[in-house]
Amino acid sequence: MRQTLWMGAITSVQLLGGLAQLTISARILGPEGFGVLAVIIAVAMLIHGLLAVPGSEAITTFVTRAVAEERPQEASRILRFTMAASLGLSLIAYAVIAGLVLMAGSLLGIEDAHRDLALMYGVVGIFLATRTESLAVLRLSDRVSLGLVIILAGVLTRVTLLGIVWLKGGGLFEVVLAHIAGVVVSGAGMLVAATVSAPRAGITGFLSSLSLKVPPDVVRFQTGVFGRSTFSTLAYNVDTLLVAQFAGVADVGLYRAARQITETGHYPFQPLKDGVQLQYSRQWYSGQGGALRRTSLLFSLVSLGSAVALFGLLAIFHQPIAWFLLGEEFAGAAPLLLVMIFGAFAVNGISALAVLPTAVGRVWPSLAGEMGGLAVFVAVLVWLVPLRGAEGAAWANTTYYGVIALILVPFIISTLRQSRRLRQKP
């Protein structure tokens, strides 16, 4: 519960910072300028995401196992392996971004005048490369409060700089610089904090060796994470690029603004998932099947009730919320927001249970969900975006999340059934 509360505080900071960033950026840039920024972000995040192998779940699952079984050196090798993979792949991703922007920027929807901005924004992925792994270490060491301070500093840096840009009449260049500055503060700060906190989590010798040798099941797990991350990244960014091609940057601006509001609704569920996932892992590997089922029941009721309350209010007040956050120029975003609420409710209503298979070392169910969701997502995008523009993309978005939820349910039920056969360890 303490973990959940601290993660909730981090999420609140990110949520409020994201809303402030959205509100200020929309007013600085307008629909077209916001659309240009969305395309630049989509290209950078697409390439970084396609090559990234997020290591936070491997840390919470397998480092927890190694520490519980008194193998601290194995724990440190797993942490070293995940961080080295994330950082190394982020550098490769930036090289790919630079090559694509310089040689095929127009095909990606980036005009010549904005290529330098795209190259600048590409460094964001490098500083974000190890942030989730760092936060996982802080969770294991029970120092999430330190992560809150660092993330708050990054959010304040970004929002303060955006506010100055707005008051001074700045434009897209200054907005990009503000984004980069905030990420540098939070990304670098989290990495330092994780390194200092690792021994407290039972991860000794993190900096005393260069060995990256890890158990085979960790490699298999990360292979599945890589596949899932690839499909998730495609789903997160391909809609922006397709709307830009079929409908133009103004529609991109409306769609991305509406989508960012619904995605803000996902934030309150992240600390719930993070906190309960770590508890699932501990209960599973210590053989506490009954406790695991009780935990899953309690938190599934919390997630479902929270989804009903949050997205119900968002559905009722979607028009004034869109007007307040985005301004009159984005009036067309309100109907898109209402469409995307359905998918957001479906996936967040089961959020506390969705992490259960991954928490016990089974990444393939979430990979299957992403694959199925992406296949339907792209099909609906190609069908509806040329006909309905941003509205078609909104329906594709809600379909994507609905399919993921449907695919995950049988895997969740199977894991709960298997928990009945666990034997508690002495």
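Predicted model: local features only at pLDDT ≥ 70, side-chain atom pairs only at ≥ 80, totals over all residues.
Local features require pLDDT of at least 70, side-chain atom pairs count only at pLDDT 80 or more, and totals for chains, interfaces and linings use all residues. Residues are numbered from 1 along each chain as its sequence is written, and side-chain values use heavy atoms, with hydrogens and water left out.

The protein chain contains 18 helices and zero strands. Both are DSSP runs numbered from the N terminus (helices H or I, at least four residues; strands E, at least two). The radius of gyration, taken over C-alpha atoms, is 21 Å. Along the principal axes, the C-alpha atoms fill a box of roughly 65 × 45 × 35 Å.

Of the 426 residues, 56% are buried. Buried means under 20% relative accessible area, exposed over 50%, and partly exposed in between (1.4 Å probe, protein chains only). Contacts are heavy atoms within 4.5 Å. Among those between residues at least 6 apart in sequence, 86% join residues at least 24 apart. The accessible surface comes to about 17700 Å² (Shrake-Rupley method, 1.4 Å probe; for residues, only the protein chains shown count as cover). Carbon and sulfur atoms account for 68% of this surface.

A nonpolar core is a set of buried Ala, Val, Leu, Ile, Met, Phe, Trp, Tyr and Cys residues joined through side-chain atoms within 4.5 Å. The largest such core has 119 residues. Touching the most other members are Leu-79, Tyr-280, Leu-326, Phe-330, Leu-336, Phe-377 and Leu-381. Helix α1 (residues 2–51) supplies the largest share of this core, 19 residues. A second, separate core of 12 residues includes Met-7, Ile-10, Leu-135 and Ile-151. Leu-79 touches Ile-59, Val-63, Val-137, Ala-198, Ile-203 and Phe-206, with residues up to four places away in sequence not counted.

Val-96 lies in helix α3 (residues 72–104). Val-96 is partly exposed, at 34% relative accessible area.

Phe-299, in helix α12 (residues 289–316), is buried, with a relative accessible area of 12%. Phe-299 and Ser-351 are 52 residues apart along the chain, and their C-alpha atoms are separated by 9.0 Å.

Note on methods
Rg over C-alpha atoms; globule rule 2.2 N^0.38 Å.
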